[in-house]
Structures are given as C-alpha cells and as structure tokens.
Amino acid sequence: MLEMKSPRMGALVRHKWRGRRAGLTAPLARLEREHVALLLAICELESPQPGEDRRPPALDHFLLPMLREDLSRVQHALARAAHGAYGSCEMCHKLLPIRELEARPSTTLCSACTRRMVKSLK
Ligand SMILES: [Zn+2]
C-alpha cells in the first residue's frame with residue numbers, strides 16, 4: 001500500500017489513479033468489441049449456412065485456430081479486467097503503458113516480461 005505523506009500527495013495519487021482508470025476505458029471498450037467480433041467470426045466459420053459456397057478447407061484449417069487463439073487471449077485479458085488487474089503486467093505487476101494497451105488491448109505482459117518469455121520458449 002502506498003504511504004500517504006500529506007493530504008496533497010494523497011490528492012495527487014488519487015488524481016493520477018483517476019487519470020489511469022480513464023485511460024483504460026478505450027482499450028477495455030475495444031477489448032470487449034474484439035471479443036464479440038471473434039465470437040461471431042468463429043460461430044460463422046463453424047456453422048456454414050446451407051447453400052453457402054464452400055470456403056476452401058485450408059481457410060478454416062488455418063483461420064479457426066488463429067481466431068480461437070485470439071479469443072482465448074482476449075478472454076484472458078477480460079478475466080483479468082473482472083478482477084481489477086487489467087492494464088498491469090501479470091508477471092511483474094508493473095502498469096502497462098496506455099499507448100501499448102490502445103495498440104493491443106489484450107496485452108497482459110510488459111515488454112521486458114514478453115522478451116523474457118520469448119527467450120525462455122526458444
Ligand atoms: Zn512485466
């Protein structure tokens with residue numbers, strides 16, 4: 001817990017925190033839209049309508065696993081949001097830069113932890 005040195009500092013911390021929360025609104029809204037779009041796309045691919053031209057099987061073969069992977073990433077980020085952890089790195093708990101969340105709303109790792117993770121997988 002942060003130690004409040006003075007009421008003024010407390011107000012400053014609260015102000016910064018409100019700013020942070022406001023900054024998360026747009027990435028979270030995009031994350032929710034991505035979630036719906038992915039669910040609809042997967043549903044559509046999994047249940048072709050009768051009479052519909054058959055897509056090349058390779059499309060389903062490559063596209064569906066990619067969409068399911070994206071969906072699982074998005075759902076993981078949404079689950080973290082439900083626990084109030086959205087926007088912080090799940091390994092080192094540092095706050096993720098808002099611009100990074102705006103670019104990739106399902107990000108749950110900071111750049112340093114991502115590099116460490118990639119290195120460990122090689
Ligand atoms: Zn980290």
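Author: What follows sets values against definitions.

Author: This is a predicted model; local features need pLDDT of at least 70, side-chain atom pairs count only at pLDDT 80 or more, and totals for chains, interfaces and linings use all residues. Residues are numbered from 1 along each chain as its sequence is written.

Reader: What is the average pLDDT of the chain?

Author: pLDDT is the predictor's confidence in each residue, from 0 to 100. The chain averages 89, and 90% of the residues score at least 70. Confidence is lowest in helix α1 (residues 7-46), at a mean of 89. It is highest in helix α3 (residues 98-103), at 95. Where pLDDT is low, the predicted coordinates should not be read in detail.

Reader: How many helices and strands are there in the chain?

Author: Helices are DSSP runs of H or I with at least four residues; strands are runs of E with at least two; both are numbered from the N terminus. The chain has four helices and zero strands. From the N terminus on, the order is α-α-α-α.

Reader: Why does the span of helix α2 agree with its number of residues?

Author: The expected span is 1.5 Å times one less than the number of residues. Helix α2 (residues 57-82) has 26 residues, so the span should be 38 Å. Its end C-alpha atoms are 37 Å apart, which agrees. After α2 comes glycine 84, with a positive phi near 75°.

Reader: At what angle do α1 and α2 pack?

Author: The angle is about 145°, and the axes are 9 Å apart. Axes are lines fitted to C-alpha atoms, for helices over the stretch in contact, and angles run from 0 to 180 degrees between N-to-C directions. Residues of α1 in the contact include Leu28, Leu31 and Leu38, and those of α2 include Leu63, Leu67 and Leu71. Here, contact means that C-beta atoms, placed from the backbone, lie within 7 Å.

Reader: What makes glutamate 44 count as buried or exposed?

Author: Count the other C-beta atoms within 10 Å of its own: 20 or more is buried, 12 or fewer is exposed, and in between is partly exposed, with C-beta atoms placed from the backbone. Glutamate 44 has 12 such neighbours, so it counts as exposed. Its place is in helix α1.

Reader: Why is glutamate 102 called partly exposed?

Author: Glutamate 102 has 14 C-beta neighbours inside 10 Å, so it counts as partly exposed. This residue is found in helix α3. Leaving aside neighbours within four places in sequence, glutamate 102 is in contact with Ala26 and Pro27. Glutamate 102 and alanine 26 are 76 residues apart in sequence, yet 7.1 Å apart in space, C-alpha to C-alpha.

Reader: Where does cysteine 89 lie, and what does its count make it?

Author: Cysteine 89 is in the loop between α2 and α3. It has 18 C-beta neighbours inside 10 Å, so it is partly exposed. Leaving aside neighbours within four places in sequence, its contacts are Lys94, Leu96, Leu109, Cys110 and Cys113.

Reader: Why is histidine 93 called exposed?

Author: Histidine 93 has 10 other C-beta atoms within 10 Å, so it is exposed. Histidine 93 also lies in the loop between α2 and α3. Its phi is positive, about 70°, although it is not a glycine.

Reader: What percentage of the 122 residues of the chain count as buried?

Author: The buried share is 11% of the 122 residues.

Notes. Contact = placed C-beta atoms within 7 Å.
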